[in-house]
Amino acid sequence: MLRALLLAPPGAGKGTQGELLAKERGVPHLATGDMLRRHVAEGTDIGKQAQAYMEKGELVPDEVVNQLVGQAVAGDTPLDGFVLDGFPRTLEQAQLAYDWGQANNRTFNAVVSLVVPEDELVRRMLARGEQHGRADDTEETVHRRQLVYEESTKPLLEFYRQRGILTEVDGVGTVDEVAARIRAAIDALSAD
Ligand code: ADP
């Protein structure tokens, strides 16, 4: 059963690839950004707590996100498999997820890091902002989100490398090309 995490800077294509991978492997795709945007749109308590951070390109506080993911993954019947997209994003979140996995016999079996050069990321996000009007795809926020990734999320690469489940995949190419690389990388990890 696949329990995978897509770890990549904003604009790298986590959402697209996460959805494809989850569908192919028959597990739910849990994208914290999408979940949070739904809460904001519906005006829930979680949405109210998250909105201002998201608009500025800052991370939503760990306790809010942990609660959200906890409900989805670790509820009454903990999920056996999943593709997580956008969580964990801080070392605190990663430690919590790891402890939960250990306690429930559900540690991740693959962490896919999508590698895309920064100028390409910025170009993609600004184009997406023009097409879909996502509120946080503005020039200022795009740069802030890259910085937040560098500072808070990049250290997770080392966390997972040490646990032997990190695989780095070139994220430049067509959707199909990148999807094929991800598939091959996950197969190589499970063959170890
Ligand atoms: P992107 O990767 O392009 O920034 P996401 O949809 O994954 O897009 O996330 C959008 C926003 O949602 C983030 O900038 C952040 O404010 C919030 N968010 C998503 N996941 C998390 C998380 N695990 N921890 C904290 N904030 C999060």
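Asn105 sits in the loop between α5 and β4 (110-115); helices here are DSSP runs of H or I with at least four residues, strands are E runs of at least two, and both are numbered from the N terminus. Phi of Asn105 is near 60 degrees, a positive value in a residue other than glycine. The other spot to look at is the peptide bond from Phe87 to Pro88, which is cis, with omega near -5 degrees. Pro88 belongs to the loop between β3 (82-85) and α5 (91-103). For context, most residues other than glycine have a negative phi, and most peptide bonds are trans.

A word on the model: it is predicted, so local features need pLDDT of at least 70 and side-chain atom pairs count only at pLDDT 80 or more, while totals for chains, interfaces and linings use all residues. Residues are numbered from 1 along each chain as its sequence is written, and side-chain values use heavy atoms, with hydrogens and water left out.

## Around the ligand

The ligand is surrounded by 19 residues, counting any with a heavy atom within 4 Å of it. Closest are Lys14, Thr32, Glu58, Gly86 and Arg145. By class, this shell has eight charged, seven nonpolar and four polar residues; Ala, Val, Leu, Ile, Met, Phe, Trp, Tyr, Cys and Pro count as nonpolar, Asp, Glu, Lys and Arg as charged, and the others, Gly among them, as polar. Helix α2 (residues 32-42) gives the largest share of the shell, four residues.

Now for the polar contacts (pairs of N or O atoms within 3.5 Å). A side-chain N or O atom of Arg145 is 2.7 Å from an oxygen atom of the ligand, and one in the side chain of Arg128 is 3.4 Å from a ligand oxygen atom. Val60 uses its backbone instead: an N or O atom there lies 3.0 Å from a nitrogen atom of the ligand. Taken alone, the ligand exposes 550 Å², and the protein buries 97% of that (Shrake-Rupley areas, 1.4 Å probe).

## The largest pocket

The ligand takes up the space of the largest pocket, meaning that more than half of its atoms lie within 2 Å of the pocket's grid points. A pocket is an open set of points on a 1 Å grid over the protein atoms alone, with protein on both sides within 12 Å along at least five of seven lines; a cavity is a set where a 1.4 Å probe fits but cannot get out, and lining residues have an atom within 4 Å of a point. The pocket holds about 990 Å³ of space, a volume being the space filled by probe spheres set on the points, which are joined across faces, edges and corners.

Its lining has 44 residues, with Gly11, Lys14, Arg128, Arg134 and Arg145 nearest the centre. Helix α6 gives the most, six residues. By class, the lining has 17 polar, 15 nonpolar and twelve charged residues.

## One cavity

There is one cavity of 30 Å³ or more, and the largest cavity has a volume of about 70 Å³. Among its lining residues are Leu6, Lys14, Gly86, Phe87, Pro88 and Tyr149. Elements giving two or more residues to this lining are β1 (3-7) and α7. Eight of the lining residues are nonpolar, two polar and two charged.

Methods: A polar contact is a pair of N or O atoms within 3.5 Å; within protein, one must be able to donate a hydrogen and the other to accept it, and residues adjacent in sequence count only if both atoms are side-chain atoms.
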